Amino acid sequence: MSVFSYESSEIDWCEDNYKHSETVAEYFNTISNAAFFIIAPVMMYLHHPYARERNLAVHLVWLMMMLVGLFSVYFHMTLSFLGQMLDELSILWVLAIGYCLWFPRTHFPSFIKDRSTFSKTVTVVTVVTTLSAFVKPAANAYVLNCFVIHILYSLGLELRSCSNQKALRLARSAVGLWMLAVSCWISDRFSCDFWKSLNFCYLHGFWHILIVMATAYAVALLSYLDAQNEIPYALPELQYWPCDSWTLGLPYVVLRGAGMKRKTC
């Protein structure tokens with residue numbers, strides 16, 4: 001069977017196949033990826049002042065997230081092996097870019113002295129992991145979540161010295177969204193018979209929506225902590241779009257003192 005063939009993947013989610021379309025295997029799991037294409041461009045726009053001041057590579061995260069959405073559409077439309085690998089490996093590279101951009105320098109291994117060396121090391125590890133992913137594809141999702149757990153652990157260490165209540169609340173929201181998303185993923189994967197008895201087989205689609213929101217919250221938090229450490233002169237603050245009083249809006253970093261360093265030099 002070709003890697004391009006429909007249903008050539010070992011993975012089949014709980015949603016009934018071809019229930020709503022003759023060409024789309026998992027209809028709701030496919031259309032729920034619209035969240036990637038809605039939230040990613042908005043976050044790119046909101047974070048552009050921070051990216052311009054800090055590093056335009058920040059936008060790579062959201063470009064890759066749209067690529068994740070595109071590959072996820074392809075996977076759930078076809079349930080092909082190629083779609084599965086593209087979906088999972090694009091997520092891996094999103095995490096790798098996040099490591100390169102925001103992993104705190106204070107937590108670098110002792111043999112790494114600067115971010116450039118760290119980024120090269122992460123890239124090599126990611127390439128090796130990408131190649132290894134073809135050995136046991138069914139294990140890829142669990143490996144990805146292990147990377148996320150390490151990020152959460154490192155973030156927890158970083159937040160010990162943070163006294164900003166808005167940042168701490170954002171951290172709780174990001175972790176809560178991630179836990180809810182993972183609960184949907186696990187429940188859809190391992191409790192399918194129960195959900196089918198309720199005629200509700202759409203939890204993986206909710207995973208898509210929740211994980212994009214969790215990523216938006218996590219990126220805003222990481223950007224804020226990075227700005228505090230690396231460009232404190234820019235006076236970073238957290239705000240929510242479309243209204244700052246909405247704690248369930250989209251969070252982003254505002255730089256109140258952007259350009260101040262250049263003006264005083």
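A salt bridge is here a side-chain nitrogen of Lys or Arg within 4 Å of a carboxyl oxygen of Asp or Glu. This is a predicted model, in which local features need pLDDT of at least 70 and side-chain atom pairs count only at pLDDT 80 or more, while totals for chains, interfaces and linings use all residues. Residues are numbered from 1 along each chain as its sequence is written, and side-chain values use heavy atoms, with hydrogens and water left out.

Q: Which residue meets Arg256 in a salt bridge?
A: Arg256 lies in the loop between β2 and α11 (260-264), and its partner sits in strand β1, so the pair ties together parts that are 19 residues apart in sequence; helices (H or I, at least four residues) and strands (E, at least two) are DSSP runs, numbered from the N terminus. The N to O distance is 3.2 Å, and the partner of Arg256 is Glu237.

Q: Is Asp226, the salt-bridge partner of Arg54, buried or exposed?
A: Buried means under 20% relative accessible area, exposed over 50%, and partly exposed in between (1.4 Å probe, protein chains only). Arg54, whose closest N and O atoms with Asp226 are 2.7 Å apart, is partly exposed at 26%. Asp226 has 5% relative accessibility and therefore counts as buried.
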